Amino acid sequence: MAFYSRVSGSVGVITLQNPPVNALSAAVRQGIVDTMHRALSEPEVKSVVICGQNGKFCGGADIREFGANMRGPPLVPMIHLIEAAEKPVVAAIEGVALGGGLELALGCHYRIAHSKARLGLPEVTLGLLPGAGGTQRLPRLIGVPAALELITTGRHATAAEALQLGIVDEVTDHSAVDAAVKFAQSVAGKSLDARRISTYPRPRSPDLAEIFEKAMKEVRRSARGAIAPVTCVQAVHASVTLPYAKGMERERELFSTLFTSGQAHALQYYFFAQRAVSRWSTPSGARWDTSKPRPVHKAAVIGLGTMGRGISVSLAQAGLSVVAVETQEKQLLEAKQAVSGMLERSAKRRGVPLADDKIKYNCSVQAVADADLVIEAVFEDMALKKTIFQQLSGICKPGTLLCTNTSGLDIDELASQTQSPELVVGMHFFAPAHVMKLLEVVYGPRSSPEALATAMEMGKKMGKVSVAVGNCRGFVGNRMLKPYLEQAFFLLEEGATPEQVDQVLEEFGFAMGVFKVSDLSGLDVGWKVRKADGLVVPGSTGKSARIRGGSRYSPLGDLLCEQGRFGQKTGRGWYQYDKPGGRVAKPDPWLHGFLEEYRARHGLVARRIDHQEMLERCLYALINEGFQILQDGIAAGPEDIDVIYVLGYGWPRHRGGPMFYAGLVGLDKVLERLEHYHQVYPDVLGLKPCSLIRKLAASSSPPIHRWREFIQKPRSQL
Ligand SMILES: CCCCCCCC(=O)CC(=O)SCCNC(=O)CCNC(=O)[C@H](O)C(C)(C)COP(=O)(O)OP(=O)(O)OC[C@H]1O[C@@H](n2cnc3c(N)ncnc32)[C@H](O)[C@@H]1OP(=O)(O)O
Ligand SMILES: NC(=O)C1=CN([C@@H]2O[C@H](COP(=O)(O)OP(=O)(O)OC[C@H]3O[C@@H](n4cnc5c(N)ncnc54)[C@H](O)[C@@H]3O)[C@@H](O)[C@H]2O)C=CC1
């Protein structure tokens with residue numbers, strides 16, 4: 001809806017009303033058209049202000065309408081109606097002017113923004129382009145380079161930047177609506193000839209060809225296969241080669257191609273998925289809206305290695321007092337320096353005050369006694385973690401939440417070391433912890449809803465996307481990684497090289513292939529876990545070397561570790577690097593020879609494995625585990641898994657996440673391929689299709705939002 005009022009006798013004020021962000025739904029568009037006609041027809045009205053209810057101008061087109069038949073007046077003619085008006089129209093921008101919201105403002109003759117407002121054309125992040133004139137008006141208003149940058153990244157600009165770029169005419173610290181009304185009165189009756197952006201000449205400059213070439217190169221490099229950024233460049237290009245009306249036709253054409261693409265569907269699904277995960281629920285019925293988080297003012301971190309340092313930074317930046325504990329004096333000093341540096345760089349980058357004084361360092365675990373929440377981040381060693389949880393249980397004040405950053409150990413086993421197991425949850429951060437947006441919050445069978453709610457809330461305070469997951473080996477992310485990695489190893493045994501497997505995965509859109517990631521995070525990490533699980537049998541030969549518990553096993557990773565090849569940190573892993581700590585991966589002839597020798601030793605005959613097989617085996621094994629996780633009730637829905645994979649594991653966002661991707665490929669097709677590979681490799685358990693995918697495929701593959709109906713309620717977890 002849009003609400004019409006008259007202010008000071010001569011200013012017609014149109015207020016968009018569609019909470020929470022005044023998105024341009026059919027009703028809002030209709031409301032704008034109706035109220036514009038009214039304002040134009042009232043002789044007393046000399047100028048018009050358009051604003052949004054509740055301090056938000058407009059969050060853009062209503063994304064929820066995209067899947068349905070579009071009704072109501074279209075956006076483009078609506079904006080033309082505003083621009084063509086003979087009375088000045090002023091946009092009063094408070095909160096946000098995004099996407100169609102900014103395009104609406106660009107159709108107005110003047111724009112006044114509040115100093116805290118954010119403006120942008122984020123359509124590219126939804127797999128689209130600004131399809132209501134944004135690609136034609138913005139370059140005419142602010143020039144090609146700035147327009148290209150905003151449109152291809154989708155980033156939000158501050159009001160100050162928008163003023164500097166010339167997107168807005170005035171910025172105010174007070175009410176933008178009041179300022180706009182005043183402004184509208186001052187421009188009433190003035191000529192609007194120079195205010196209609198669509199009539200501005202095409203942007204011209206001798207270096208335009210070069211600018212577009214550079215922009216195209218840059219988007220192709222960073223898009224990882226996403227089509228929208230490339231199409232955005234093409235649409236902006238039309239603004240310099242075509243007159244406005246023709247440019248609009250081109251924009252429409254390009255928009256239509258994107259609108260129906262799988263990538264746009266994936267990105268829009270992901271937009272809502274990332275918001276849906278905050279409305280968590282558990283199999284026993286605990287829910288986000290009935291569980292109250294506890295207040296947390298003081299937090300503590302135990303163990304200041306790679307993870308503890310980043311976690312301390314995140315907590316301090318969220319405004320908490322932090323006690324950081326490391327028992328080794330030397331480690332403590334090193335950590336202190338490293339954390340100060342991280343805080344300094346981060347404060348500079350984000351333009352926020354330095355939070356250094358928030359952290360107090362200590363050598364003794366006793367220092368955490370009055371913390372409201374403790375996060376343990378010591379080595380991944382169950383015995384050590386158990387001892388620490390026993391200590392914490394004795395030291396901490398009653399009611400303190402005890403959390404662990406374990407990558408996959410049993411939360412319940414840790415909880416059982418304490419007097420209050422209901423206060424124990426996992427807070428699984430991702431490295432680097434102060435940068436990565438994902439937090440898996442792991443509830444054990446005895447964690448209380450309140451403890452879970454508190455950890456979820458803490459994640460949000462730290463700027464993370466928190467996803468609640470159940471307790472099992474590896475939780476969601478690392479559990480799914482196991483069969484994926486396993487397939488990658490098997491492919492090497494059968495004839496592939498790390499470069500080939502990585503290339504296939506990178507072409508799919510992963511930021512890095514599986515072997516490059518393994519080199520980056522350190523091969524020794526998985527090796528230690530496998531050793532603790534009794535899977536590593538040094539010197540084993542013959543058939544038994546490649547079988548564990550009746551299932552196929554590849555010792556390749558273990559063999560590399562035995563040679564001291566831990567990846568980047570040692571300068572050698574699946575690739576070679578120019579020095580320990582080097583970052584540029586180069587193929588390693590030694591590794592190729594080692595693989596040949598390994599195959600010969602085990603009687604494996606190398607074959608040429610095609611692209612499709614490599615991709616299917618890696619991805620479908622991972623997806624199959626995802627279905628098993630849903631079936632086990634470890635993740636509440638496919639959205640949770642998809643958000644974890646996009647934010648934590650570099651899954652390309654424009655493919656929605658592994659579960660969405662499975663739906664896009666077709667569940668029957670994924671099932672058929674899993675069946676095929678399982679037939680070929682009956683000793684690989686990860687390829688045996690799980691019953692949930694069978695059930696869904698047998699029920700005509702329902703859309704992803706209906707999958708939950710097919711999941712049997714597992715036993716109570718909380
Ligand atoms: C043939 C058709 C031709 C059409 C041509 C049109 C071409 C276009 O130009 C197309 C567009 O405009 S596409 C839309 C562009 N706008 C955006 O991407 C902004 C999306 N929203 C945001 O960034 C944040 O919500 C925002 C920054 C606004 C607010 O952030 P917050 O953190 O305060 O709040 P959230 O939790 O993100 O959001 C609150 C609730 O609002 C829902 N929502 C947000 N933006 C929406 C939007 N544009 N449409 C529909 N729903 C939207 C959001 O989902 C959330 O609701 P729940 O999911 O229920 O929690
Ligand atoms: N490194 C990674 O990428 C990720 C690691 N994790 C998990 O986070 C935890 C920590 O891992 P990292 O930071 O990589 O290990 P790290 O080896 O870098 O650091 C562990 C730190 O704990 C300290 N420490 C050991 N015993 C202690 C005690 N009793 N009291 C106080 N400090 C003690 C050590 O001196 C060391 O500084 C592990 O459980 C790991 O599985 C989770 C996500 C990602």
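**Exercise 1. Find which polar atoms of the protein meet the oxygen atoms of ligand 2, and how far apart they are.**

Step 1. Start with the backbone: a polar atom of Val378 is 3.3 Å from an oxygen atom of ligand 2. That is a polar contact, meaning a pair of N or O atoms within 3.5 Å; within protein, one must be able to donate a hydrogen and the other to accept it, and residues adjacent in sequence count only if both atoms are side-chain atoms.

Before going on, a word about the model: it is predicted, local features need pLDDT of at least 70, side-chain atom pairs count only at pLDDT 80 or more, and totals for chains, interfaces and linings use all residues. Residues are numbered from 1 along each chain as written, chains are lettered from A and ligands numbered from 1 in the order written, and side-chain values use heavy atoms, without hydrogens and water.

Step 2. Turn to the side chains. Glu326 places a polar side-chain atom 2.5 Å from an oxygen atom of ligand 2, and for an N or O atom in the side chain of Ser407 the distance is 2.6 Å.

Step 3. Check the cover. Ligand 2 alone exposes 830 Å², of which the protein buries 79% (Shrake-Rupley method, 1.4 Å probe; for residues, only the protein chains shown count as cover).

Step 4. Locate the shell. Two or more residues each come from α12 (306–317), α14 and β15, with α14 giving the largest share, 3 residues. Helices (H or I, at least four residues) and strands (E, at least two) are DSSP runs, numbered from the N terminus.

**Exercise 2. Work out where the buried residues of α14 lie on the helix.**

Step 1. List them: Met382, Lys385, Ile388, Phe389, Leu392, Ser393 and Ile395 are buried (under 20% relative accessible area, with exposed over 50% and partly exposed in between; 1.4 Å probe, protein chains only).

Step 2. Look down the axis. These residues fall within an arc of 165 degrees, so they line one face of α14; the arc is taken from the directions from the helix axis to the C-beta atoms.

Step 3. See what covers them: β10 (298–302), β13 (373–376) and α15 (411–415) are among the covering elements.

Step 4. Finish at the N-terminal end, which Asp381 caps with a side-chain oxygen 3.0 Å from the backbone nitrogen of Ala383.

**Exercise 3. Decide whether Gln568 is buried or exposed.**

Step 1. Find Gln568 in the loop between α21 (556–562) and α22 (589–601).

Step 2. Use its relative accessibility: at 9%, Gln568 counts as buried.

Key: Contact means heavy atoms within 4.5 Å.
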